[in-house]
Amino acid sequence: MAMTIKAVCDNKDDLVAYLYDEVTPAEREAIKTHLAACAACRQEIDDLRGVRGRLASWPPPEPDLGFRVVRDTRAPARWSGWRAPAWGLGLAAAATLVLAAAAAVANLEVRYDEQGLTVRTGWRAPAAEPAPVAAAAVPAPTPVTAVTGEPWRADLQALEQRLRREIRTTPAQPVAAAAAVDQPAVLRQVSTLISESETRQERELALRVAQLVRDVDEQRRADWVRISQGFGRLENLTGAGVAQQREMMNYLMRVSQQR
Amino acid sequence: MAWTDEELVARSIGGDLDSFNQLVVRWQRPIYALAYRVIGREEDARDVCQETFLRAFRAIRGFKGQAKFSSWLYRITLNLCRDWMRRERRAPIAQAPEGVDLIELAAERDVGETVEDLISRRELTQAVARAMATLPEEQRTAIILKEYHGLTFQEIADLIDCPLSTVKTRLYQGLTVLRRQLAQAGIEHGHDHQSRL
């Protein structure tokens with residue numbers, strides 16, 4: 001290959017090919033000859049070799065890589081590795097579910113109006129406290145109209161009543177070991193236990209809700225006091241400004257009258 | 001006797017899961033290293049590495065052996081890295097120098113290496129990583145494939161779908177920029193590559 005000095009100087013690809021030794025023997029010899037005569041190219045190739053030497057000092061980290069593919073009976077194959085599980089999403093969903101269930105069980109009703117924050121909890125019959133005046137003025141509402149705003153409540157009640165009826169009417173399944181047991185007595189006992197447990201939970205929840213309402217109310221009052229004080233300060237500042245302005249006007253009037 | 005990549009690929013296509021896992025074990029470190037050097041983040045490099053093998057596993061039946069298995073993996077990895085950079089809209093991260101923990105350093109020392117030498121080595125590593133992070137993606141990729149994975153010009157050209165001369169140009173330009181960056185960082189020439197004149 002005829003490789004002139006100018007060709008190598010102008011063609012850096014040849015220099016790179018020589019640097020990485022991806023040249024034919026003839027090319028190698030030609031470039032060597034050129035480098036022996038060209039100080040600039042010689043310097044450049046030395047510099048590039050120096051850079052390559054420095055690049056060798058950049059090792060990647062050595063993590064614990066444990067990939068493997070495993071076969072699953074439910075799917076053709078699945079991946080088993082260390083990818084972070086989606087537990088965060090599951091946890092959030094679980095938390096939401098718990099909150100929703102708690103609100104549903106407690107039959108919570110939160111309202112904020114001119115009366116302040118009101119939190120009511122359930123175990124009170126829906127629409128069981130009609131105002132005496134309203135009751136007198138308005139015909140007694142049918143169950144459907146009574147729950148117009150909350151149709152799910154009627155559905156829930158209907159479902160509950162149906163379930164209770166079915167439970168009552170469902171004959172007890174014969175159990176060999178239970179033949180000697182007094183089933184009505186056991187049922188009564190279980191019922192009593194459940195009832196006591198519900199009562200305890202009601203009291204505890206009512207206590208906690210009352211605490212919450214009290215805390216929120218106190219915070220609201222404190223906020224109101226702070227706002228009132230802020231307005232008071234603003235009024236004082238405004239009053240002082242007006243007085244200052246009036247004093248200035250009086251001074252100007254006096255000065256103008258003197259002239 | 002160890003199976004070749006081609007043999008393991010053929011067995012994998014035939015449904016032999018163990019053969020594919022042997023390929024995984026064989027290639028996971030180079031693939032991780034490639035991903036790490038391209039995108040510069042350990043955790044993301046692990047994700048890219050895992051995704052590379054997952055995609056390879058799903059597509060293994062379509063691999064006809066027109067290229068080396070490793071080149072096929074590299075191509076998948078580079079595509080994933082490109083996706084990552086596009087998604088994250090950022091250049092590779094050159095991690096900032098960390099505080100020096102002498103005990104940790106002592107544990108990392110090579111035989112016969114002083115703590116001072118080790119600190120210098122770490123500084124050099126960080127300087128190189130920072131300099132590499134400044135390169136345009138195509139130059140960085142060419143240098144990584146050439147320097148750390150030993151691919152030929154032609155293999156790189158095939159992998160990134162560009163002419164051979166473009167690969168050489170990118171290498172030259174990238175090395176030139178690195179030389180300038182390292183000089184600015186006060187890094188003198190290395191002595192690993194002896195002049196072969």
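Helices here are DSSP runs of H or I with at least four residues, numbered from the N terminus.

I note that this is a predicted model, in which local features need pLDDT of at least 70 and side-chain atom pairs count only at pLDDT 80 or more, while totals for chains, interfaces and linings use all residues. Residues are numbered from 1 along each chain as its sequence is written, and chains are lettered from A in the order in which they are written.

I listed the buried residues of H2(A): Lys12(A), Asp14(A), Leu15(A), Val16(A), Ala17(A), Tyr18(A) and Leu19(A). Just after H2(A), I found Asp21(A) with a positive phi of about 55°.

I then turned to the contacts between the chains. I found 43 residues of chain B in contact with 35 residues of chain A (C-beta atoms, placed from the backbone, within 7 Å). On the side of chain B that touches chain A, H2(B) supplies the largest share, 10 residues.

Of its 63 residues, Leu15(A), Ala35(B), Val48(B) and Cys81(B) touch the most other members. H2(B) gives the largest share of this core, 12 residues. Leaving out residues up to four places away in sequence, I recorded that Val48(B) touches Ala35(B), Ile39(B), Thr77(B), Leu80(B), Cys81(B) and Trp84(B).

Technical notes. A residue is buried if 20 or more other C-beta atoms lie within 10 Å of its own, exposed if 12 or fewer, and partly exposed in between; C-beta atoms are placed from the backbone. Helices (H or I, at least four residues) and strands (E, at least two) are DSSP runs, numbered from the N terminus. Two residues are in contact if their C-beta atoms, placed from the backbone, lie within 7 Å. A nonpolar core is a set of buried Ala, Val, Leu, Ile, Met, Phe, Trp, Tyr and Cys residues joined through C-beta atoms within 7 Å.
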